[in-house]
Amino acid sequence: MYMTKFDPKFLAEKTWDLYQTHGVPFEVSFEILEENGLKLDHDLLNQLIESHQKQSQNITAGQFKAGVGEITNKTKALHTLTHLLHKALKEKYGDRVNQIGSSITNEKARFDISIPASEILDSDINEIQNSLNQQIKQNLKMYPKEYPLSEANKLGAIGLFGEKYGEIVTIYTLEDEQGKIYSREFCSGPHIENTAIIKEFKILKKKSIGSGQTRIEFDVIL
Ligand SMILES: [Zn+2]
């Protein structure tokens, strides 16, 4: 297929290329395009971001995902909650929601995802916050278990991309006392053993961090 200079797909590739090779922020490209009345294909740009993210995750085999600095009960709790948040976001907005970054300090957690901030309503934030607080109260146990890759894929564990992780993978599962599974995710930790130590989960804010990307900041009270 022949693409002209003004083709939205071409512009999406160019925008990604400028970011990737020259560090030109997406916002800068968007502004220039808008000033010139040009449109880029946001879906394609998101695909490019996502496939890059998956490659980075493969290289670091899970280290990337956690983003935990200092390890304390609080940072472990914050990271453990990223699993429940990730799952809740996928349930609400579908599988196109992917984690694209996370950073955790003793103050708060940042969780970056691949959907536009405009799609996440304030009422959604409340709903997700309430849902996670309900889940925490079920005293969910977090435990690692090794699975053959094919089986882990069948279980629908989050964070598995192809076969680059090897034949045996470690999946962290959050499960209640009745054995109901709340989340299964490929990860390397660090985690708390039980959500019983958490008194409250609080979403502090959400903000746009570029086209089709949102940062959610949250905190916990232990
Ligand atoms: Zn984890």
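Trainee: Where does Asn139 lie?
Mentor: In the loop between helix H6 (122–136) and strand E3 (141–148). This is a predicted model, and Asn139 has a positive phi of about 50° although it is not a glycine.

Trainee: On to strand E3, then. Why is Tyr143 called partly exposed?
Mentor: Tyr143, which is found in strand E3, has a relative accessible area of 22%. The cut-off for buried is under 20%, so Tyr143 counts as partly exposed.
Trainee: What makes the pair Tyr143 and Glu175 a polar contact?
Mentor: Their side chains are joined at 2.5 Å, and the limit for N or O atoms is 3.5 Å, so the distance qualifies. Tyr143 also touches Ile171, Tyr172, Thr173 and Ile181, among others. The C-alpha atoms of Tyr143 and Thr173 are 5.5 Å apart, with the two residues 30 apart along the chain.

Trainee: Now the metal. Which atoms coordinate the zinc ion?
Mentor: NE2 of His79, His83 and His191, plus SG of Cys187, at 2.0 to 2.2 Å. Donors have to be within 2.8 Å, so these atoms pass.
Trainee: Why is the site called tetrahedral?
Mentor: The angles among the four donor atoms run from 102 to 118°.
Trainee: How are the donor residues spaced in sequence?
Mentor: As H-x3-H-x103-C-x3-H. Distant parts of the chain are linked here: His83 sits in helix H5 (residues 73–93), while His191 is in the loop between strand E5 (181–186) and strand E6 (200–208), 108 residues away.
Trainee: Are those two histidines buried or exposed?
Mentor: His83 has 0% relative accessibility, so it counts as buried. His191 has 13%, which is under 20%, so it is buried as well.

Trainee: How do you know that E6 and E7 pair?
Mentor: Pairing takes at least two bridges, and E6 and E7 have eight, running antiparallel.
Trainee: How many bridges join strand E2 (residues 109–113) to E7?
Mentor: Five, also in the antiparallel sense, and Asp112 stands opposite Arg215 in E7.
Trainee: What makes E7 largely enclosed?
Mentor: Six of the eight residues in E7 (residues 214–221) are buried, so the rest of the structure largely encloses the strand.

Trainee: Last one. How do you know that helix H2 (residues 26–35) has a buried side?
Mentor: Phe26, Ser29, Phe30 and Leu33 are buried. They cover an arc of only 100° around the axis, so they are on the same side of H2. The face turned away from that side carries the exposed residues Glu31 and Glu35. After H2 comes Gly37, with a positive phi near 65°.

Notes
Residues are numbered from 1 along each chain as its sequence is written. This is a predicted model: local features need pLDDT of at least 70, side-chain atom pairs count only at pLDDT 80 or more; totals for chains, interfaces and linings use all residues. Side-chain values use heavy atoms; hydrogens and water are left out. Donors are N, O and S atoms within 2.8 Å of the metal (3.2 Å for Na, K and Ca); water is not among the atoms, so sites may look incomplete. Four donors count as tetrahedral if all angles lie between 85 and 135 degrees; four count as square planar and six as octahedral if opposite donors are over 155 degrees apart and all others between 65 and 115; anything else is irregular. Helices (H or I, at least four residues) and strands (E, at least two) are DSSP runs, numbered from the N terminus. Buried means under 20% relative accessible area, exposed over 50%, partly exposed in between (1.4 Å probe, protein chains only). The arc is that of the directions from the helix axis to the C-beta atoms. Contact means heavy atoms within 4.5 Å. A polar contact is a pair of N or O atoms within 3.5 Å; within protein, one must be able to donate a hydrogen and the other to accept it, and residues adjacent in sequence count only if both atoms are side-chain atoms. Lists of a residue's contacts leave out its neighbours within four places in sequence.
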